[in-house]
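Please open the model in your viewer and keep the selection panel at hand.

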Amino acid sequence: MKFTLSWLKEHLDTTASVAEIAETLTDIGLEVEEVVDPLEKLRPFTIGKVQSAEPHPDADRLRVCQVETKDGLQQIICGAPNARAGITVVVAHPGVYVPGIDTTIGVGKIRGVESHGMMASERELELSDEHTGIIELPSGEVGQSFADWLAANEPARVDPMIEIAITPNRQDALGVHGIARDLAARGLGVLVEQPVKPVPGAFPSPVGVTIDADAMNNAPHFAGRVIRGVKNGPSPEWLQARLKAIGLRPISALVDVTNFFTYDRNRPLHVFDVDKMQGDLRVHRAQGGETLLALDDKTYTFAAGQLVISDDNGPESLAGIMGGEETGCTEDTTTVFLESAWWDPIRTAYTGRDLKINSDARYRFERGVDPAYTLPGLEAATRMILDLCGGEASEVVEAGAPIDTTRSFRLDTARVQSLVGMTIPKAEQVGYLTALGFTPSGEGEVLEVGVPSWRLDVHGEADLVEEVARMASLTKLEPKPLRRPSPGVPKPVLTPMQLRERAARRTMAALGYVECVTYSFIDRASAELFSGGTDATRLENPISSEMSHMRPALLPGLLQAAARNQARGIMDMALFEVGAAFHGGEPGEQHLLASGLLVGQSEPRGPHGGRRPVDVFDVKADAEAVLAAMGAPAKVQILRGAREWWHPGRHGMICLGPKKVLGIFGELHPNVLAAMDVKGPAMAFTLWPAEVPMPRNAGASRGALTLSDLQAVERDFAFVVDAQVEALALVNAAQGADKALIEDVRVFDEFVGGSLGEGRKSIALTVRLQPVEKTLTEEEIEAVGAKIVAKVQQATGGTLRG
């Protein structure tokens with residue numbers, strides 16, 4: 001929203017400076033984005049007087065002028081035809097930047113004669129396009145600032161422009177009058193009321209208006225009148241200057257009047273050329289397929305349900321957004337129909353978005369204009385058209401009626417203290433609300449506050465408190481430390497699960513993984529690859545087709561990130577994410593996961609040849625490290641049986657038992673990688689932090705390190721089994737032979753075929769026994785060995801290799 005200082009002062013009687021106004025606007029919630037003050041760039045220029053002007057000895061069109069300046073008599077070479085003795089001029093001294101020619105003036109020689117500055121034209125100072133001669137001032141003292149002279153004698157030419165950012169809830173500030181009301185309520189001046197005197201109709205309107213019944217909800221009020229005998233031409237200089245200052249192009253007096261009221265009172269209007277119309281105007285919903293050549297020279301095709309203003313010829317305007325070229329006003333226009341209506345914000349926004357039209361009218365109607373100002377706005381615009389263009393106005397015709405915005409809310413004046421933390425006396429609160437147009441009433445601390453028609457954003461007590469607080473200025477809010485609930489050192493605020501989440505993030509980052517933060521929404525096809533994509537997790541109103549379902553796992557998002565990186569030539573990556581996955585659409589139907597993904601090679605290219613593709617054991621080691629950081633037991637089982645998106649023979653489930661799964665690691669199924677457009681193989685792991693048992697000791701200190709002073713014993717076993725038997729089955733069976741003594745079981749060799757025969761293989765295990773109470777005897781070691789052999793034979797059918 002842009003406006004000028006002089007424009008604001010028509011609505012606000014104030015002596016405040018531009019800086020004070022800008023600071024106050026930001027303080028009351030109307031953030032100033034830009035202040036353009038033309039005086040600032042003119043301050044270095046001063047006034048001088050030409051004492052003499054002699055012809056240049058070596059140039060016919062140049063004159064050597066002796067100019068009285070603030071630095072005394074200076075010689076300046078000038079080529080302007082009006083340079084002569086006795087005139088008062090604007091001088092740019094050496095070192096001054098001239099904006100119109102983008103040059104800094106210096107001392108120089110022109111055809112062998114020194115020149116100490118420049119006498120400026122209006123175009124060189126960006127005051128106008130006039131450049132046939134230098135500026136001649138009717139008054140002014142030598143050495144006086146030219147900026148000060150302009151401010152005192154021609155303020156309209158250097159009117160500062162202020163631009164503010166408008167939040168969607170402050171539609172009333174889209175007019176200069178609304179901004180002035182806020183500033184007056186803050187105490188920066190007095191609001192200038194501008195009562196609208198109705199213009200009596202001289203004749204019945206030859207154009208009638210109607211609203212179809214099915215359009216009444218979106219167009220409850222439509223009014224207008226015919227003005228005949230107008231003379232449309234350029235608007236007066238003051239109006240053109242005002243529109244130019246805010247970036248609008250003056251078109252004609254009739255159009256400029258409607259643009260003026262759009263910014264002055266947040267009241268968009270439209271004028272139709274009656275001589276180009278046929279019959280009455282009708283507001284209705286489009287059937288679909290109708291077209292309109294709009295004022296932006298584009299043809300739009302309407303969808304069914306969009307609001308249109310039509311005459312007997314067809315659509316003539318897109319309601320609340322843009323008029324039609326066919327009935328637009330030109331210099332030959334003599335009779336117009338001036339329209340003022342109220343359009344539904346939601347319907348206007350939908351139509352503008354569907355047709356991709358942005359206009360000042362749409363911007364205001366979709367945020368909401370004052371429904372009570374429909375008729376006063378029509379009368380005020382009629383008065384200005386008659387003043388600028390002449391003519392006579394008909395009686396007002398209207399269909400429908402203004403919507404009823406009458407409402408009031410209870411305000412407990414003590415709520416300001418509890419909601420904002422400021423103590424504001426009741427009388428001060430009443431004063432602020434009254435100045436903003438509210439009508440507070442009632443005795444005691446509780447008031448009943450009526451809301452004005454232009455504040456469509458106020459819906460309750462909290463909004464009223466906000467109005468009081470911003471007028472009182474939140475800069476006066478004094479910071480106060482929160483009171484501790486109990487004395488002494490505060491207790492930890494992080495829950496055990498939050499601590500695990502932090503430990504998982506830090507550990508994976510330390511292992512070289514890069515954290516990803518992906519959307520919780522994914523497309524249905526990706527969700528179905530990970531047993532999701534059901535109606536229970538489908539979004540009712542997704543922002544795109546690629547975000548239609550809640551994610552059933554974190555791996556789809558990581559795989560999508562990997563695919564995007566591979567498409568850009570990054571083939572080696574380690575990614576991780578910690579976040580929620582969803583197994584339903586109800587509250588609580590989610591679970592915390594920590595997932596990691598390895599793709600490509602284990603390390604960059606190097607001279608030592610250590611580069612290799614990542615494998616299952618890389619992610620197994622990383623998963624075990626993260627589990628250890630989260631406090632998982634060191635002794636776990638590795639089992640098969642993971643879901644179908646894991647490679648059936650290259651994965652493992654980290655378990656504390658058949659039903660207690662802490663995590664899964666392994667290679668992802670090639671079909672999943674192909675569907676996600678990832679060049680594999682890809683290794684991954686997924687951990688369930690909530691499944692890790694809570695420590696028995698909840699204290700912050702760690703338990704004592706337990707070390708045995710007894711010698712550990714290692715024994716090697718080689719078992720002959722069928723080729724289809726997994727080494728993991730042998731490891732699990734051996735570990736279960738004696739859980740108290742067996743500390744670790746590792747595979748150290750595999751031999752297939754040869755003398756063992758077809759379909760047979762040998763797997764060698766190292767079993768580490770760690771005694772606790774006494775050194776093991778040979779008989780005890782042999783007994784444990786026998787248990788191991790029996791367990792492996794029972795679980796796999798394997799026999800000791802001879």
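Begin by selecting helices α5 and α13, where α5 passes α13 in a right-handed crossing (a crossing is right-handed if the near helix is turned clockwise from the far one by less than a right angle, and left-handed if anticlockwise; helices are DSSP runs of H or I with at least four residues, strands are runs of E with at least two, and both are numbered from the N terminus). This is a predicted model, in which local features need pLDDT of at least 70 and side-chain atom pairs count only at pLDDT 80 or more, while totals for chains, interfaces and linings use all residues. Residues are numbered from 1 along each chain as its sequence is written, and side-chain values use heavy atoms, with hydrogens and water left out.

The axes of α5 (residues 176-186) and α13 (residues 461-472) come within 9 Å and cross at roughly 70 degrees (axes are lines fitted to C-alpha atoms, for helices over the stretch in contact, and angles run from 0 to 180 degrees between N-to-C directions). α5 is therefore roughly perpendicular to α13, a class that covers 65 to 115 degrees. Show side chains next: Asp-182, Ala-185 and Arg-186 of α5 make the contact with Arg-470, Met-471 and Ala-472 of α13 (contact means heavy atoms within 4.5 Å).

Move on to strands β40 (residues 742-752) and β41 (residues 760-769). Arg-768 forms a salt bridge with Glu-743, their closest N and O atoms lying 2.9 Å apart; since Arg-768 is in β41 and Glu-743 in β40, the pair ties together parts that are 25 residues apart in sequence. Select Glu-750 and Lys-761 as well, whose side chains meet in a salt bridge at 3.7 Å, N to O. Here Glu-750 lies in β40 and Lys-761 in β41, so this pair ties together parts 11 residues apart in sequence. Lys-761 is buried, with a relative accessible area of 8% (buried means under 20%, exposed over 50% and partly exposed in between, with a 1.4 Å probe and protein chains only).

Finish at helix α17 (residues 616-629), where Glu-624 and Lys-620 are four residues apart and thus separated by about one helical turn. Their side chains meet in a salt bridge of 2.8 Å, N to O. Glu-624 is partly exposed at 32% relative accessible area, and Lys-620, at 22% relative accessibility, counts as partly exposed.

Notes
Salt bridge = Lys/Arg side-chain N within 4 Å of Asp/Glu carboxyl O. Parallel < 35°, antiparallel > 145°, perpendicular 65-115°, else oblique.
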